[in-house]
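Please keep the sequence and the structure open beside the text while reading.

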Amino acid sequence: MTQPLPPTPVPPSGPVDTSPISLTPAAGLDLDPVWRGVVPETRARSNDIHLPISLAYAERLCRAYPEADAELVRVAILLHDTGWGRVDESRIISEGFSGDWRKAEIRFEHERQGCIIAREVLPPLGYSEEFVAAVCAIVDGHDTRKEAYSLEDALVRDADRLWRFDHAGIALASGWFGLDPATYCDRLAREIVPELLTEAAIAMATADLTRSNRLLKTDVLRDAETGAVAP
């Protein structure tokens, strides 16, 4: 079901699409029953924007790495952040996106809740116990665990990060961290690109960030705020 994780960043064995993600939304209707099972959980922390975009990136990554178990990747990315829907929403921003946010207890809590949701939703839809366990192994630790255990785990992690580079992700996530878009884009380049585990994700992130910086006029707005004059 899972493939061992090669040395990172993992080179692709299939095509890498770096066009805007809006051009290739997630395809097919096979996951619609899963979506219907987690509608309440998609209403927390803008999951109804984050999860579909992340799924679209995950499908692109699966095309770049056809040796991966695409079904596992797609289901895991769909469910990975549903746990935010079952934690104290007032703590999501105050604890999950400030200070040493990677170690915030609420992040561990949302991972645990995500596994509970997976075990509730997937078996009635016909998914096997082995498959559900594999999904939970990815969901549990996707934010808080430093290492990826498999290629599928790595693709989910990269898809979860890639949405941040699209202008929709920047618009939402910059506010969560209390940053203006230009500063947030700098942070993406400095901190998030080095975390990506696949060459395909790095190429997608780089292309998206270039487009987003141009679209959002981050160079001009940054210069206007600091009083600098663009050359």
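The structure discussed here is a predicted model, and the chain averages a pLDDT of 92, with 90% of the residues scoring at least 70.

**Helix α3 against helix α8**

- Helix α3 packs with helix α8, which spans residues 151-162, at an angle of about 130 degrees, and the two axes are 8 Å apart.
- On the α3 side the contact is formed by H50, S54, Y57, A58, L61 and C62, while α8 contributes L155, D158, A159, D160 and L162.
- Sorted by class, this contact of α3 with α8 holds 7 nonpolar, 2 polar and 2 charged residues.

**Helix α3 against helix α4**

- The axes of helix α3 (residues 47-64) and helix α4 (residues 70-79) come within 9 Å and cross at roughly 160 degrees.
- With a crossing angle over 145 degrees, α3 and α4 are therefore roughly antiparallel to each other.
- By class, the contact of α3 with α4 has 8 nonpolar residues, 1 polar residue and 2 charged residues.

- T42 lies in helix α2, which covers residues 39-42, and T42 counts as buried because its relative accessible area is 6%, where the cut-off for buried is under 20%.
- Leaving aside residues up to four places away in sequence, T42 touches W35, N47, D48 and L51.
- R45 is found in the loop between α2 and α3, and R45 has a positive phi of about 50 degrees although it is not a glycine.
- R45 counts as buried, at 11% relative accessibility.
- S46 is placed in the loop between α2 and α3, has a positive phi of about 55 degrees without being a glycine, and is partly exposed, with a relative accessible area of 22%.

**Other local features**

- A cis peptide bond, with omega at about 0 degrees, joins T8 and P9, and P9 is found in the segment before α1 (32-37).
- As background to these backbone features, most residues other than glycine have a negative phi, and most peptide bonds are trans.
- A173 is found in helix α9, residues 167-176, and is buried, with a relative accessible area of 2%.
- The C-alpha atoms of A173 and W163, which are 10 residues apart along the chain, are separated by 9.7 Å.

**Confidence**

- Over residues 227-231 the pLDDT stays under 50, and for these residues the model has 2 contacts beyond four places in sequence.
- Where pLDDT is low, the predicted coordinates should not be read in detail.

Key:
Residues numbered from 1 in each chain as written. Predicted model: local features only at pLDDT ≥ 70, side-chain atom pairs only at ≥ 80, totals over all residues. Heavy atoms only, no water. Helix = DSSP H or I, 4+ residues; strand = E, 2+ residues; numbered from the N terminus. Buried < 20%, exposed > 50% of the residue type's maximum accessible area, 1.4 Å probe, protein only. Contact = heavy atoms within 4.5 Å. Axes fitted to C-alpha atoms, helices over the stretch in contact; angles between N-to-C directions. Parallel < 35°, antiparallel > 145°, perpendicular 65-115°, else oblique. Nonpolar A, V, L, I, M, F, W, Y, C, P; charged D, E, K, R; others polar. pLDDT = per-residue confidence, 0-100.
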